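These are my notebook entries on one model.

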Amino acid sequence: MASRFARGTLARFVVIRLAATLVLLLVLSFVVFGLLHLAPGDPARNLAGPREPTPELLASIRQQYHLDRPFITQYFLWLGQVFQWDFGESIRSGITVTSELASRARLTFELALMAFVLTIGVAVPMGVRAAWRAGSAFDRGVSFLSIVGVGAPSYAIGLVLLYLFGVWVEVFPVYGIGDGFLDELWHLVLPAITLAIGMGALVFKLTRTAVLGELEQDYVTFARSRGLPDRTVRRLVLRNALIPIVTSSGLVFAFL
């Protein structure tokens, strides 16, 4: 009975959160659409390009993009297309926006996944070790590097890595997407490291803080007084510190 009630509560919570997210997205879309509508200038003239448009051309553009309709009508026409997964055509390339997004989705996912694996695979073990050896030279050194990683902008880190490992040492390619799956992954190494440095610094600090908090708990003192080996104690601490680490990891992947 209790488990059924818990499942019902959880399902209700998920539904409420999803509904709130949908409402928030609708409100944001309306606000952004309204700001674009209030922006100075004539959208039809911007769409016509640098040449001097004729009145007929302007009228045709306004009709094509529904610019001759009232604002609220324009918004609901756009929203109806969005619900049909139709985001219109790119003004620059003339290709549908859906196709433009789809052509980049796989590469974007591969880059995000590689950066995420690097972030978690390096930052979490280093955060655990730094907390376990709090105050040591390793802890102070890695903590200093994490501050640098958080403060340094990604584009600056990317340029430094390109110069060091793409131009000076010539280990990694400096542009392109590669030919074939393995070559694509090789081209993504430097961008993934660039993204992982900033994210990894945040995950490191959070992991270190979470583990330090667990090390101050009474059960750790009790486990050590019982003579449990450090490996067992570390496993207990890490298991209890995983909640904030896993939560932050999900946010990191969503951000990427």
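I looked up L79 and found it in helix 4 (residues 71-83). Helices here are DSSP runs of H or I with at least four residues, strands are runs of E with at least two, and both are numbered from the N terminus. L79 is buried, with a relative accessible area of 12%. I use buried for under 20% relative accessible area, exposed for over 50% and partly exposed for what lies in between, with a 1.4 Å probe and protein chains only. From L79 I went to S29, which is 50 residues away along the chain; their C-alpha atoms are separated by 8.8 Å.

A note on the source: this is a predicted model, in which local features need pLDDT of at least 70 and side-chain atom pairs count only at pLDDT 80 or more, while totals for chains, interfaces and linings use all residues. Residues are numbered from 1 along each chain as its sequence is written, and side-chain values use heavy atoms, with hydrogens and water left out.

**Exposed positions**

I checked L18 next, which lies in helix 1 (residues 2-38). L18 counts as exposed at 57% relative accessibility. Between L18 and L107 I noted 89 residues in sequence and 28 Å in space, C-alpha to C-alpha.

I then looked at backbone angles. Most residues other than glycine have a negative phi. W85 is not a glycine, yet its phi is positive, about 60°. I placed W85 in the loop between helix 4 and helix 5, and W85 is exposed with a relative accessible area of 62%. E170, again not a glycine, has a positive phi of about 60°. E170 sits in the loop between helix 7 and helix 8 and is exposed, with a relative accessible area of 62%.

**H187**

I found H187 in helix 8 (residues 181-187). H187 is buried, at a relative accessible area of 15%. Setting aside residues up to four places away in sequence, I listed P173, Y175, G176, I177 and G178 as what H187 touches; contact means heavy atoms within 4.5 Å.

**Helix 7 and helix 9**

How do the axes of helix 7 and helix 9 cross? I read an angle of roughly 140°, and the axes come within 9 Å. The axes are lines fitted to C-alpha atoms, for helices over the stretch in contact, and angles run from 0 to 180 degrees between N-to-C directions. Helix 7 and helix 9 are therefore oblique to each other. Angles under 35 degrees count as roughly parallel, over 145 as roughly antiparallel, 65 to 115 as roughly perpendicular, and the rest as oblique. Their crossing is right-handed; I take right-handed to mean that the near helix is turned clockwise from the far one by less than a right angle, and left-handed anticlockwise. Helix 7 brings S154, I157, G158, L161, L162 and F165 to the contact, and helix 9 brings L190, I193, T194 and I197. I sorted the contact of helix 7 with helix 9 by class: seven nonpolar, three polar and no charged residues. Nonpolar covers Ala, Val, Leu, Ile, Met, Phe, Trp, Tyr, Cys and Pro, charged covers Asp, Glu, Lys and Arg, and polar covers the others, Gly among them.

**Helix 10 and helix 11**

Helix 10 (residues 218-225) packs on helix 11 (residues 230-255) at about 165°, and I noted their axes as 10 Å apart. That makes helix 10 roughly antiparallel to helix 11. Y219, V220, A223 and R224 of helix 10 meet V233, L236, V237 and N240 of helix 11. I sorted these contact residues into six nonpolar, one polar and one charged.

**Cores**

Which residues have the most contacts inside the largest nonpolar core? I noted V211, L215, V233 and V237, in a core of 20 residues. A nonpolar core is a set of buried Ala, Val, Leu, Ile, Met, Phe, Trp, Tyr and Cys residues joined through side-chain atoms within 4.5 Å. Helix 5 (97-132), helix 9 (189-215), helix 10 and helix 11 each give two or more residues to this core. Beyond four places in sequence, V237 touches W132, V211, E214, L215, Y219 and V220. A second, separate core has nine residues, including I157, F172, L190 and A192.

My last entry is A241, in helix 11. A241 is buried, with a relative accessible area of 1%. Leaving out neighbours within four places in sequence, A241 is in contact with A210, V211 and E214.
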